[in-house]
Amino acid sequence: MDWGSLQNFIDMGGYGLYVWGSYLVTLLAIAIETFSLREP
Amino acid sequence: MICSQTLQLLHFMRFWKYSTPQNFYPAAKKIAAVFFVLAICFGIPGLYVGFFVAPTDHQQGEAYRIIFIHVPAAWMSMFIYVVMAFWAAVGLILNTRLSSMLAQALAPTGALMTFLALWTGAFWGRPTWGTWWVWDARLTSELVLLFLYVGFMALRASIEDPRRADKASAILAIVGVVNVPIIYFSVKWWNTLHQGASVSLTKAPSMASDMLLGMLLMALSFWMYSIAVSMLRVRKIIRDRERNSGWLNN
């Protein structure tokens with residue numbers, strides 16, 4: 001899958017808001033969960 | 001005969017030794033480490049396939065790439081609930097503390113997976129269906145699953161004695177398990193906006209193989225991650241609930 005440019009990748013064929021809105025929230029959720037379980 | 005052989009094998013593996021919080025505690029840390037590594041080992045190739053191998057979809061363009069999060073999260077949301085209900089039932093029936101602690105540890109991760117399935121589903125639905133939400137059987141029953149997880153945690157929190165909380169929440173978990181097959185079969189039993197099963201145990205997948213590969217890798221990654229996180233959480237729960245038992249260096 002050749003995106004051609006970073007801009008195209010971020011743009012996701014016009015669906016960037018939806019795709020990155022999904023992936024970033026997931027990343028955030030995972031980060032919060034794992035950091036909340038760090039052991040002293 | 002197979003059952004007694006399994007029990008013998010478990011005996012030789014010293015499996016039953018790990019049924020106490022004290023013995024499970026250090027093992028959980030090792031399990032967590034291994035499964036975090038596995039999560040990454042599946043996740044990185046999964047994301048690579050999802051973004052750099054799987055092609056653009058004819059109908060949905062690039063929007064479909066949400067599938068690589070949405071389906072793994074949804075599968076885990078259902079699977080974790082069944083596992084949670086299983087350990088809650090074991091704790092209720094056999095009166096084992098650690099079983100109930102494990103159910104308690106699984107709930108937040110299950111709830112998170114359910115939330116992610118709903119969130120990513122909404123973000124997928126908006127551009128493809130034209131709506132963030134619809135009250136069809138699949139979406140509604142998944143929302144009910146979120147309420148069940150939150151209800152489980154809230155019920156626990158409302159009961160001071162942890163053992164009573166174990167028993168009450170176990171009843172809720174067990175009763176709620178009926179929702180999982182409802183979610184799964186909803187697209188077959190009712191007219192739903194949500195699409196039907198592309199992947200099943202009984203027929204070939206109706207999905208491009210690169211997309212399927214990415215989805216399966218991410219599903220495995222989410223599974224490994226869920227185990228790792230639940231192991232850390234059960235350690236936290238053990239530290240809290242066993243703080244007066246003497247073996248913890250407080």
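## Helix packing in a two-chain model

Helix H2 of chain B passes helix H8 of chain B in a left-handed crossing. A crossing is left-handed when the near helix is turned anticlockwise from the far one by less than a right angle, and right-handed when clockwise. The model is predicted: local features need pLDDT of at least 70 and side-chain atom pairs count only at pLDDT 80 or more, while totals for chains, interfaces and linings use all residues. Residues are numbered from 1 along each chain as its sequence is written, and chains are lettered from A and ligands numbered from 1 in the order in which they are written. Helices (H or I, at least four residues) and strands (E, at least two) are DSSP runs numbered from the N terminus.

**Helix pairs in chain B**

The axes of H2(B) and H8(B) come within 6 Å and cross at roughly 155°. Axes are lines fitted to C-alpha atoms, for helices over the stretch in contact, and angles run from 0 to 180 degrees between N-to-C directions. H2(B) and H8(B) are therefore roughly antiparallel to each other. For such angles, under 35 degrees counts as roughly parallel, over 145 as roughly antiparallel, 65 to 115 as roughly perpendicular and the rest as oblique. The residues where H2(B) and H8(B) touch divide into 25 nonpolar, five polar and three charged. Ala, Val, Leu, Ile, Met, Phe, Trp, Tyr, Cys and Pro count as nonpolar, Asp, Glu, Lys and Arg as charged, and the others, Gly among them, as polar.

Helix H4 (residues 97-129) of chain B and helix H5 (residues 137-158) of chain B have axes that come within 9 Å and cross at roughly 150°. That angle makes H4(B) roughly antiparallel to H5(B). The crossing of H4(B) past H5(B) is left-handed. On the H4(B) side the residues in contact include Gln104(B), Ala107(B) and Gly121(B), and on the H5(B) side they include Leu139(B), Tyr149(B) and Arg156(B). Together the residues of this contact comprise 14 nonpolar, four polar and two charged. Two residues are in contact if their C-beta atoms, placed from the backbone, lie within 7 Å.

H3(B) and H6(B) pack at an angle of about 135°, with their axes 9 Å apart. This makes H3(B) oblique to H6(B). Their crossing is left-handed. Met84(B), Ala85(B), Ala88(B), Ala89(B), Gly91(B) and Leu92(B) in H3(B) meet Asp166(B), Lys167(B), Ser169(B), Ala170(B), Ala173(B) and Ile174(B) in H6(B). By class, eight of these residues are nonpolar, two polar and two charged.

Chain A has two helices and zero strands. Its C-alpha atoms fill a box of roughly 45 × 15 × 15 Å along the principal axes. Of the 40 residues in chain A, 18% are buried. The contact between the chains takes 15 residues from chain A and 24 residues from chain B. The chain A side has nine nonpolar, five polar and one charged residues.

**The largest nonpolar core**

A nonpolar core is a set of buried Ala, Val, Leu, Ile, Met, Phe, Trp, Tyr and Cys residues joined through C-beta atoms within 7 Å. The largest one has 70 residues, and those touching the most other members include Ile66(B), Met84(B) and Leu102(B). Helix H2 (16-36) of chain A and, in chain B, helix H2 (21-53), helix H3 (67-94), H4, H5, helix H6 (162-176) and helix H8 (209-241) each supply at least two residues. H4(B) gives the largest share, 17 residues. Leaving aside neighbours within four places in sequence, Ile66(B) is in contact with residues of both chains, among them Tyr18(A), Val19(A), Phe123(B) and Trp124(B).

A residue is buried if 20 or more other C-beta atoms lie within 10 Å of its own, exposed if 12 or fewer, and partly exposed in between, with C-beta atoms placed from the backbone.

| Residue | Other C-beta atoms within 10 Å | Class |
|---|---|---|
| Met12(A) | 21 | buried |
| Trp223(B) | 19 | partly exposed |
| Arg14(B) | 9 | exposed |

Most residues other than glycine have a negative phi. Met12(A), not a glycine, has a positive phi of about 50°, and it sits in the loop between helix H1 (6-11) and H2 of chain A. Arg14(B), not a glycine, has a positive phi of about 55°. Arg14(B) lies in the loop between helix H1 (2-12) and H2 of chain B. Trp223(B) is found in helix H8 of chain B. The C-alpha atoms of Trp223(B) and Ile174(B), 49 residues apart along the chain, are separated by 22 Å.
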